Amino acid sequence: LALALAACGGDGDAAGVDPAASPDVPAIAAAPVAPAPSGPLTQGDVVTPGKKTPAGVKAALGKRPVVLAFVYGRSRDEQAVRAAVGKVRASSTGTGVAFFVYDVSKRGGFGDLTTRVAVTETPAVVVIGADGRVANLWTGLVDAEMLTQSVAAAK
């Protein structure tokens, strides 16, 4: 699974060609991007978007609380995490919070998020506060009550 997650982030352009490596292509200055974490995130770490972070996540980070859930398929554990996230999203606690659930078995849509938040196993849930800092990160099961408390604190 770790290999599948790492392979999905992607680097370079769609054709796999690095324009900077070609002498015929002028170099273009890229906006600075914070490096991805080199190890597991802990409470209080800042989450920054990368080049391939989905637009919705980029727009929410640092502006409102964000819940990122990563699942792989439809096992009981993955379904339990999906249900917990859905319950919190539908509750009053979920108001004003951005929720994103990514099925990494589909190998797309989540861009570089698994790298940005250092997730290597599923299910995993990351709660990021409005200040862009990690409030909680769980690998494995998380129930709606735990998630509700974390989201309320992240606000």
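Predicted model: local features only at pLDDT ≥ 70, side-chain atom pairs only at ≥ 80, totals over all residues.
Visitor: In what order do the elements of the chain run?
Guide: Helices (H or I, at least four residues) and strands (E, at least two) are DSSP runs, numbered from the N terminus. The chain has five helices and four strands. From the N terminus on, the order is α-α-β-α-β-α-β-β-α.

Visitor: What percentage of the residues in the chain is buried?
Guide: Buried means under 20% relative accessible area, exposed over 50%, and partly exposed in between (1.4 Å probe, protein chains only). The chain has 155 residues, and the buried share is 39%.

Visitor: Which unit do β1, α3 and β2 make?
Guide: Strands pair if DSSP finds at least two bridges between them. β1 and β2 pair in the parallel sense over six bridges. A crossover is right-handed if, with the strands pointing away from the viewer, the path from the first strand over the helix to the second runs clockwise. With α3, the two strands make a right-handed β-α-β unit.

Visitor: Which residue of β2 is the bridge partner of Ala-69?
Guide: Five of the six residues of β2 are buried, so this strand is largely enclosed by the rest of the structure. The bridge partner of Ala-69 in β2 is Val-101.

Visitor: Is Asp-103 buried or exposed?
Guide: Asp-103 lies in strand β2, residues 98–103. Its relative accessibility is 11%. Asp-103 therefore counts as buried.

Visitor: How far is the backbone nitrogen of Gly-73 from a polar atom of the side chain of Asp-103?
Guide: Contact means heavy atoms within 4.5 Å. Not counting residues up to four places away in sequence, Asp-103 touches Val-71, Tyr-72, Gly-73 and Arg-82. From the backbone nitrogen of Gly-73 to a polar atom of the Asp-103 side chain, the distance is 3.1 Å.

Visitor: What do the buried residues of α3 pack against?
Guide: In α3, Glu-78, Val-81, Ala-84, Val-85 and Val-88 are buried. They cover an arc of only 125° around the axis (taken from the directions from the helix axis to the C-beta atoms), which puts them on the same side of α3. On the other side, Arg-76, Lys-87 and Ala-90 are exposed. The buried residues of α3 pack against β1, β2, β3 and α5.

Visitor: Which residue caps the N-terminal end of α5?
Guide: In α5, Ala-144, Leu-147, Ser-150, Val-151 and Ala-154 are buried. Their arc is only 130° around the axis, which puts them on the same side of α5. At the N-terminal end, a side-chain oxygen lies 3.3 Å from the backbone nitrogen of Glu-145. That oxygen belongs to the capping residue, Asp-143.

Visitor: With which side chain does the side chain of Asn-136 make a polar contact?
Guide: Asn-136 is in strand β4 and, at 25% relative accessibility, counts as partly exposed. A polar contact is a pair of N or O atoms within 3.5 Å; within protein, one must be able to donate a hydrogen and the other to accept it, and residues adjacent in sequence count only if both atoms are side-chain atoms. At 2.7 Å, the partner is the side chain of Ser-150.

Definitions and conventions. Residues numbered from 1 in each chain as written. Heavy atoms only, no water.
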